[in-house]
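Subject: Structure for you to look at

Hi,

Here is the structure I promised to pass on. Please open it next to this message, and my notes on a sheet and some cavities follow below.

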Amino acid sequence: MGDEEAMSASDEGIAAAAGYAPHPYVGGRTAAFRALAAWRMRWPGAPRVIVLTGNPGSGRSRLVTGFLMMCDPGYRKQLPLDDLDPATVPPDLPAPAVPNPSGRTAAQLLWVIADHFGLTADRVEDIFPELAAREEPVTIVVPDVDRAGPVRAAHEPARLVRDVLKPLAATGTVQLLADVPRELAAELAESLPSGQAQIIDLDAPEWADPKGLVRHAETALDPGAGAPELPFTTDPAVRRPLAKALAGRADGSRLTVQLAVQSLLLQPEGFDPADESLLPATVGEALDLHARRLGGDPQTLRLLLAPLAFAEGDGLPVQLWGVLANAVAGWDMSQDLADGMLLAAPFIQPVEPDAEEDADGEPPWGETGAGNDDGRMLLRLQHPGIAEEIRSGLPDVRDAQTKIAMALLEAVPQQNWAKADPYIRDHLAAHTLEAGLLPQLLTDPGLFAHADPVTLRAAIEAVPLEQLGAPARTYLRTAPLLTRSQAPADVRAAFLESAFVEDGLAPYAEALHTLGFDLPWRTLWSVPLAGVRAVTTGSLPQEGGESAAAETDPGTDAGSGAEGPSPSSGPAAALRPVAAFVVPEGTPGSRTMPGPDGDASEGGGSALLLHDLLRPGYVDADPTQVQLPSEEARAAAPFGFSRGADYLRVWARAGQEVVAALLSDTPLTGADLSPDGVLVVATERGVTARQILAAAPAAAPTVPAQRTGAADSAASDGLEGDHT
């Protein structure tokens, strides 16, 4: 044990006897502040990692906030530091990094850290080695780990400890302070060698702060701090004993004291300060005593608050509160809700949705992805500890979540997700996850496209893979694209449409074309084919058979090397649009690419494979007969395209407006756009053809049925076959 662990609550008395003022925001916690200050200044014997923990409502967040006030060079100038115990004041250093995990996944938090330090890592696993290679140590404070993740039932705090905090703690150049739930504290601290980590448990005797809790209660009751003038608030002879009684009953829980004071100030009639039986010892008692003092039923109060205890995201829209209260209770709670606002008031907090977007960069379409709610007032419980108490008091949490999920699903007009309440659209998956119903929900392509991809992905990832159907697996494969791009619903639908075709789920792809999305393309076919180095579009002469637009100025021969265009002879023949793939020699169905002198043995290990451009199916034909569009035909085409390593934009030549934007999760290895708007794109996964749907002067070809195809595969680099 380090020297700091020998500190105890007696430090409060020593500090007071020395004439030191308490921290103006926290009001105590001298022992903890001394340990944190020693950690910040890297005092000899101080640990490199501090794990702060305690019961819900013990004041962890408040302690971290108070400490960070003194660590911020600008804010500390506003504090009376000269009046505080010098051992509790950290040195004047640059502010530490404080990545906020609230609502974020472990991966998102890591990228926040990488951005803060300007790291060049392109992969999550490269972040820790880059931090370890820094010459100067870095200081990171991670508060509120218990609030991590967009989906409560997905247990993101445990993942964050495992995937972020433990690797950070193991990085010798990182000085870490993390506020974690008690059940995860030992796992984090015990992952390090002895002496490198210290657990500060605010409920343990050596870190407890009973005098600070009394001070907290007395300040909350003081009219000078905003409390109303009441007999037990204005008279110090009454106020101080009441504060001591409140703190004594609460047994270290600042949340219990806070709720008790709010209840007393809201409804002071009939309260006897001398009767300690009217003071709560737990959060649960605070709820029940408040209900009884107002003449209400404690169970009714808990049922009213239950929807808020299960609320996801920033909170529950007011409009849904009554609907879900009825569902959980099993009867009409509308009158209870109308009469119970005073009953619920001490435990509820209104919140305006945060308008800030946490973008990783601008997507090519210039819009953000699934945003916050639509500006309506949201409600949430004042503290997660209240929600935990409400949920633990229900006879069957899973049953309650099932009722909530069913009520939310029934509230979707005509089961049209475009018309669904934003809360339902984005958070239904989270409710069905805890109800055990999520796999059954994951068959609706409309929900896949409309739901916030960050939340939906987190919920799906919490389900064992073997329980997921094929559509959910496709979504999970595509989800990194959706979250990375922050795309709007129409673009998400387009990405998913192609992914469904790639995975052999054509009916799901077709359904997206019937749901009102403004899709930029229709995916014609997709083939799983590794090693494609380039693609091009062209036409293959055929005798009779299926007709296609005849080439009036045929272009170069696809297999003739660099011979240049060769005009076709004779009358115009029927032409079959095809796509040609440059593939490794020996690929089944391919034909060896001729060398410059027409010698097949000099093809450089490459071969050509032909595929119908408009419909599924390879074409068995001589690739030397393929005619490429002339430069004049390409210039006259309505669309052009440009591409990068993993993205592609299609734009209308008249006006230069982008009509389609494609983002790939693997580098593009080839791309071409036919004059009549069929986009063929190759990646390491395979080749996919998409018909651009934007209106254009040129007539579009008839679009056939969709194609099935590719399985997921690893990424590769390479850029070949541009026709831009």
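Two strands count as paired if DSSP finds at least two bridges between them. Helices (H or I, at least four residues) and strands (E, at least two) are DSSP runs, numbered from the N terminus. Please keep in mind that this is a predicted model, in which local features need pLDDT of at least 70 and side-chain atom pairs count only at pLDDT 80 or more, while totals for chains, interfaces and linings use all residues. Residues are numbered from 1 along each chain as its sequence is written, and side-chain values use heavy atoms, with hydrogens and water left out.

First, the sheet. Four strands form an open sheet in the order β8-β19-β18-β17, with antiparallel pairing. Its edges are β8 (521-528) and β17 (668-673), each of which pairs on one side only. From one strand to the next the twist averages 15 degrees. Helix α24 (residues 489-502) packs on the sheet and touches β8 and β19 (686-692), where contact means heavy atoms within 4.5 Å. The direction of α24 makes about 35 degrees with that of β8; axes are lines fitted to C-alpha atoms, for helices over the stretch in contact, and angles run from 0 to 180 degrees between N-to-C directions. β17 and β18 (residues 678-683) run antiparallel and are joined by five bridges, and Leu668 stands opposite Thr683 in β18.

Now the cavities. A cavity is a set of points, on a 1 Å grid over the protein atoms alone, where a 1.4 Å probe fits but cannot get out; lining residues have an atom within 4 Å of a point. Grid points are joined across faces, edges and corners, and a volume is the space filled by probe spheres set on the points. There are three cavities of 30 Å³ or more.

The largest cavity holds about 240 Å³ of space. Its lining has 23 residues, with Glu502, Ser664, Asp665, Arg685 and Arg690 nearest the centre. Elements giving two or more residues to this lining include α23 (470-485) and β16 (658-663), and α24 gives the most, with five. The lining divides into eleven nonpolar, seven polar and five charged residues (Ala, Val, Leu, Ile, Met, Phe, Trp, Tyr, Cys and Pro count as nonpolar, Asp, Glu, Lys and Arg as charged, the others, Gly among them, as polar).

The second largest cavity has a volume of about 60 Å³. α11 (254-266) and α12 (283-293) each give two or more residues to its lining, which includes Leu259 and Arg293.

Best wishes

Methods:
On a 1 Å grid over the protein atoms alone, a cavity is a set of points where a 1.4 Å probe fits but cannot get out, and a pocket is an open set with protein on both sides within 12 Å along at least five of seven lines; lining residues have an atom within 4 Å of a point.
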